[in-house]
Amino acid sequence: MLSSSWPARRPRSRPARAALLLAAALASLPSPAAANGVFPSADQLVFDPADPARAVARMTYGLLTTQDGGASWRWICEGAVGYDDTGGQAPPIAAAAGGRVLAALGDGLVVGAEGGCAWTGAEELAGKAVVDLSVRQGDPSHAVAVAAGDRHVLWASRDGGASWARAGTPLPAGFQARTVDVAPSDPQRVYVSGLESAGGSVKGALARSIDGGETWETATVPGSTTSREPYIAGVDPLDADVLYVRIASAPGRLLVSTDGGASFTSAFETQGFVRAFAISLDGATVAVGSDIDGVFRAPSSTLAFERVSGIAPRCFAWTEAGLYACASEFLDGFTIGLSLDGGATFEPLLQQACLGGPLECAASTAVGARCASDWPRIALMTGHKDCTPDAGSPAAGSGASATASGAGGAGGATAVSGGGGASADSGAGTGGEPGVPGGGAAPSAAGGCGCGAAGAGAGWAGVVAVAGLAAAIARRRAAGGAPPTPIA
């Protein structure tokens, strides 16, 4: 198990002229973007509970899947899953028993099987707006989902998403759910965050059930409103009474409750959004990521956070292999990376120009029938290139791991290709299961992708230039002085 005894590292600042280089790039590079106008990035990562070499990442242009621990990635188009990214949908996903991947859509819940090739709707939830879903950590056969309606309703599956049934009674009148989670240590303890209408006002609230949804009680989440909605970040794996809630706003805030949601205290504040959060499997350590201030880590016993990295994480997933992160590829050198030292350094696992194309599936499946025709657009958008080791010598430093100082991002400014990175507002926190093949050693960038950190041919650098410039300026400002002071 992981512990909180890593040596502290002080990140170095990146070159201030990086922002000027980005600005200059705007004049000369095309900028194709995803159909929804969002820069290509990842914002959720889940692992197959039975096969830790298999993972699925939610992107702004569909899903990506790996079956070899991150050495290679394949694309699953939105249409095959059952949604259209032009509406800006970002369906919450979860990995369940039987190799199934679950996705919550505005008109139902879909289940991915056959390695991600086949997607079918859950009949019980057809036509219902599924707000969020979650698979219980330690028991992948147990999944829950919340569906909207006159009163929001909890649904549960005990066979890994193959079948569903209503669980208990509807949530209280006037409660609009946003995220749902089940306590790893108590299958009857269910938490739902959202907004509650009462007395003519709308406030952020948390609904709690201690009997699997048969009864509910609610409490106000302090500092949350319609513009600062509360999202469940994670539940302690050993103590069902301890949960974390992040406030979706900038400045961002992470709250903690030690009494099952009856009351909250502020654990961490940041100038940016709290995009990423995870708890180590032994519950000893928590990690928080801000898109402005970087990665912070603390013992769960004290919540005394220290800044350990300057990357801009958009999601975390903590497994026995280590701490995985979605990041900003143009700045940090990778879209998905793995840290073996609690977030201080990351080894790149995914750079988007190195995608292997659509997932190879039979023509009779949803992916086989739909995705090939749209791949040219994705290839252009990501600056697709052949990243196999014998496809040419990668640029110097392209295989180096991105460090706490952001060296991966700085090095990427002169390398060959690039991508983007991201975190889920669905509140994905401690996703994942044990390690990658070969005892958890991460594939190196040179051996797996072999791409550099930026450039991505004609397309991708332009896609991220505007976003990268804004982020670089903000982060340079933060790096110029003392880092923000977390609340202990």
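Reply: **The disulfides**

Cys117 and Cys361 form a disulfide in this predicted model, with their sulfur atoms 1.9 Å apart. Cys117 lies in the loop between strand S7 (108-113) and strand S8 (118-121), while Cys361 belongs to the loop between strand S28 (347-350) and helix H4 (366-370), so this pair ties together parts that are 244 residues apart in sequence. The torsion about their S-S bond is about -80°, which means that the disulfide is left-handed. Cys117 has a relative accessible area of 9% and is buried.

The count comes to four disulfides, among them a link that joins Cys315 to Cys326, with an S to S distance of 1.9 Å. Here the angle about the S-S bond is 55°, and the link of Cys315 and Cys326 is right-handed. Because Cys315 lies in strand S25 (residues 315-319) and Cys326 in strand S26 (residues 322-326), the pair ties together parts that are eleven residues apart in sequence. Cys315 counts as buried at 5% relative accessibility, and Cys326, with a relative accessible area of 0%, is buried as well.

A further disulfide joins Cys354 to Cys387, with an S to S distance of 2.2 Å. The torsion about the S-S bond of Cys354 and Cys387 is about -75°, so this disulfide is left-handed. Cys354 lies in the loop between S28 and H4, and Cys387 in the loop between helix H5 (375-382) and helix H6 (407-412), so the two tie together parts that are 33 residues apart in sequence. Both Cys354 and Cys387 are buried.

Methods: Residues numbered from 1 in each chain as written. Predicted model: local features only at pLDDT ≥ 70, side-chain atom pairs only at ≥ 80, totals over all residues. Heavy atoms only, no water. Disulfide = S-S within 2.5 Å. Helix = DSSP H or I, 4+ residues; strand = E, 2+ residues; numbered from the N terminus. Buried < 20%, exposed > 50% of the residue type's maximum accessible area, 1.4 Å probe, protein only.
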